[in-house]
Amino acid sequence: MRHILKTDQEPFQQIWNGHKKAEFRQEDDRIFKPLERLDLLEQTEPGKYTGRSIIASITHVQRGYGIPQGYAMVSFSVVARCPQVTGD
């Protein structure tokens with residue numbers, strides 16, 4: 001399963017730099033599972049994308065233990081960083 005997720009610039013940059021390895025996400029229309037793929041798309045505001053993306057693999061999903069119903073802490077490992085493509 002592949003999950004395409006919009007990610008704001010500040011947390012996206014932290015993931016890009018290797019400092020952030022988990023995301024707190026709502027599971028209203030999807031259920032995350034280990035080994036599934038995340039495609040994180042950097043956005044500046046809703047619907048405005050920079051063109052940068054990160055491909056990651058889910059390593060762990062935590063539910064319960066104080067996490068509200070319908071949410072999960074999704075841990076992941078970055079597989080690839082895709083810089084913005086610019087035209088010549």
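Select Y65 first: this residue lies in the loop between β4 and β5, elements here being DSSP runs numbered from the N terminus (helices H or I of at least four residues, strands E of at least two). Y65 has a positive phi of about 50 degrees although it is not a glycine. At 81% relative accessibility, Y65 counts as exposed; the classes are buried under 20% relative accessible area, exposed over 50%, and partly exposed in between, with a 1.4 Å probe and protein chains only. The model is predicted, and local features need pLDDT of at least 70, side-chain atom pairs count only at pLDDT 80 or more, and totals for chains, interfaces and linings use all residues. Residues are numbered from 1 along each chain as its sequence is written, and side-chain values use heavy atoms, with hydrogens and water left out.

Next, select L35, in the loop between β2 and β3. L35 is likewise not a glycine, yet has a positive phi of about 75 degrees. Its relative accessible area is 74%, which places L35 among exposed residues.

**The sheet**

Now display the strands. Five of them form an open sheet in the order β1-β3-β4-β5-β2, with mixed pairing; two strands pair if DSSP finds at least two bridges between them. β1 (2-8) and β2 (22-26) stand at the edges with a single partner strand each, so one side of each has no neighbour in the sheet. On average, neighbouring strands of this sheet are turned by 45 degrees against each other, direction ignored. Axes are lines fitted to C-alpha atoms, for helices over the stretch in contact, and angles run from 0 to 180 degrees between N-to-C directions.

β1 and β3 pair in the parallel sense over seven bridges, and the bridge partner of K6 in β3 is L41. The covered face of β1 holds H3, L5 and T7, while R2, I4, K6 and D8 make up the uncovered one. In a regular strand the side chains alternate between the two faces of the sheet.

Move on to β4 (residues 48-62) and β5 (residues 71-82), which pair in the antiparallel sense over nine bridges. Within this pairing, V61 has V74 of β5 as its bridge partner.

β2 has E23 and R25 on its covered face and A22, F24 and Q26 on its uncovered face.

**E23**

Which residue of β5 is the bridge partner of E23? That partner is V74. E23, in strand β2, counts as buried at 8% relative accessibility. The side chains of E23 and K20 are joined by a polar contact of 2.3 Å, meaning a pair of N or O atoms within 3.5 Å; within protein, one must be able to donate a hydrogen and the other to accept it, and residues adjacent in sequence count only if both atoms are side-chain atoms. Not counting residues up to four places away in sequence, E23 touches P11, I15, A72, M73, V74 and F76, where contact means heavy atoms within 4.5 Å.

**The helix**

Select helix α1 (residues 9-16), which lies across β1, β2, β3 (37-45), β4 and β5 and runs at about 65 degrees to β4. F12, I15 and W16 of α1 are buried. Seen down the axis of α1, the buried residues fall within an arc of 100 degrees, so they line one face of the helix; the arc is that of the directions from the helix axis to the C-beta atoms. What covers these buried residues includes β1, β2, β3, β4 and β5.

Q13, also found in α1, counts as partly exposed at 27% relative accessibility. Q13 and Y71 are 58 residues apart in sequence and 23 Å apart in space, C-alpha to C-alpha. Following α1 is G18, whose phi is positive, near 90 degrees.

**The core**

Finish with the largest nonpolar core, which has 14 residues; F32, L38, L40, I54, I58 and V74 touch the most other members. Such a core is a set of buried Ala, Val, Leu, Ile, Met, Phe, Trp, Tyr and Cys residues joined through side-chain atoms within 4.5 Å. The elements giving two or more residues to this core are α1, β3, β4 and β5, and β4 gives the most, with four residues. Center the view on L40: leaving aside neighbours within four places in sequence, L40 is in contact with L5, T7, F12, I15, R52, S53 and I54.
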